[in-house]
Amino acid sequence: MASNLEQDLSCSICRDLFRDPVVLCCSHSFCRDCLQTWWNQSPIKTCPFCQRRCKRYTDGPPLNLALKNAVESYKEQRALQQPECSLHSEKLRLFCLDHQEMICWVCRDSRTHKDHRFSPIEEAAPDLREQLRRNMEPLQDKLKVLDQSRGKFEEAAAHISLQAEQTQTQIRAEFEKLHQCLRDEEESRMKALREEEEQKIQNMKDKMAALSRDMEALSKTISETEEQLRAADASFLLQYKTAEERLQRCPLVEEPQIKQSDLIHQAKHLGNLGFNIWMNMKKLVQFFPVVLDPNTAAPDLILSEDLTSVRKGKKQKVPNNSGRLIDGFVDGSESFVSGTHSWEVEVGGKSWFVGVGGDVQRGANTEFETWFIFFTDGEYSAVSYSGPDKPLSVKNLQRVRVRLDFDTNTLTFTDPDTNTDLHTVTDSFAKIAPCLLTRDAPLKISPKSITVTV
């Protein structure tokens, strides 16, 4: 097929690929130089192939551009399929295994490739193809892993959107509770102010009514007395004693005063208003010394909306991130590195763990360690990552108090209901986080009371 194509793209005069091909009126094509040489040898300009007489051309026969492009394209393809040596213009038929390059017969005998190993192209190509395929397999495997990782990232992105939506909903709900509390507090205080206003205005009205009655009685006495004063002497004297007795019966009342208690007690309504509102909101707001981190929770653990309790549930599809290091557990949202920390956990159910996990400094090494109070099969034990279990002589635990003191390097587990120490650990704590696990009933972090010191 290649031979037929090369024949079609060759000049019938020089038998080589067309160079600057021109086309005659009879549709036959030749190299421009070959045709000119042919015509120079003949008195009549005819087609070298069909002998048909050609018309006169002012600038010579026209260029066959399509044929020229086809020849150039064929040359490029042939060069790729049958490359030649740039030094010797010979076909590259050998592959130097030492230099990993194609060479010609002349190159093989040169000093450059002395004592090298060679292979025919037909043999080297399949071997190197197979080697390249084997070398490509780790990349293909890596591509599959990366593709799986991309799928996990896509799932994580969807999970992040779900987390953001859920968190947004819970934030709005929490603020709505606070807003409602403030609205209720506002309404209560406005109602108290209105009631005091109504009471004290009514008190003023009652006092004004009594004052009006006293004024009316005085005015009547004064008017009657003034009328007698205007009477004739005899008539005045006849009524004098009566008038005098009337004046005596009408005692002078004390001038009424506005008392402090008659006014609105503004200080009661406005004094430390914000603080008093906040104190009343303490009934609604709780403080938890430990908050659980849902990004560390095992897929079969369900956290409460306020992230203070955990229970066993249906396995969820969540990203397998680096925070989920201990199967089945959930960690606190904060790791402790200094100071003293204490929290209580309400326990229940048939199987649970309450404790801590993290890094400890042992000599020059930092090691991972855990300590727990563990309940299963009706028995309580103290367990650790690196040490043996220790049975505990305790019954019916309702709560477990955990106290971590970095200053004394002690970790203490206590029954707060009986104030009994359950287990104490001493170690060089570096970074410790609370941990919980339940296989059935919920575990709940107990809130701490808020104390305000003035």
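## A three-stranded sheet

Three strands form an open, antiparallel sheet in the order β4-β3-β5; strands are DSSP runs of E with at least two residues, numbered from the N terminus, and two of them pair if DSSP finds at least two bridges between them. Because β4 (101-103) and β5 (118-120) stand at the edges with a single partner strand each, one side of each is left without a neighbour in the sheet. On average, neighbouring strands of this sheet are turned by 35 degrees against each other, direction ignored; axes are lines fitted to C-alpha atoms, for helices over the stretch in contact, and angles run from 0 to 180 degrees between N-to-C directions.

Strand β3 (residues 94-96) pairs with β5 in the antiparallel sense over three bridges. Pro120 in β5 is the bridge partner of Leu94. Helix α5 (residues 121-229; helices are DSSP runs of H or I with at least four residues) packs on the sheet and touches β3, β4 and β5. The direction of α5 makes about 100 degrees with that of β5.

## Basis of the model

The model is predicted; local features need pLDDT of at least 70, side-chain atom pairs count only at pLDDT 80 or more, and totals for chains, interfaces and linings use all residues. Residues are numbered from 1 along each chain as its sequence is written, and side-chain values use heavy atoms, with hydrogens and water left out.

## The whole chain

The chain contains eight helices and 18 strands. Its C-alpha atoms fill a box of roughly 185 × 85 × 40 Å, taken along the principal axes. Buried residues (under 20% relative accessible area, with a 1.4 Å probe and protein chains only) make up 28% of the 454 residues.

Conventions
Contact means heavy atoms within 4.5 Å. Buried means under 20% relative accessible area, exposed over 50%, partly exposed in between (1.4 Å probe, protein chains only).
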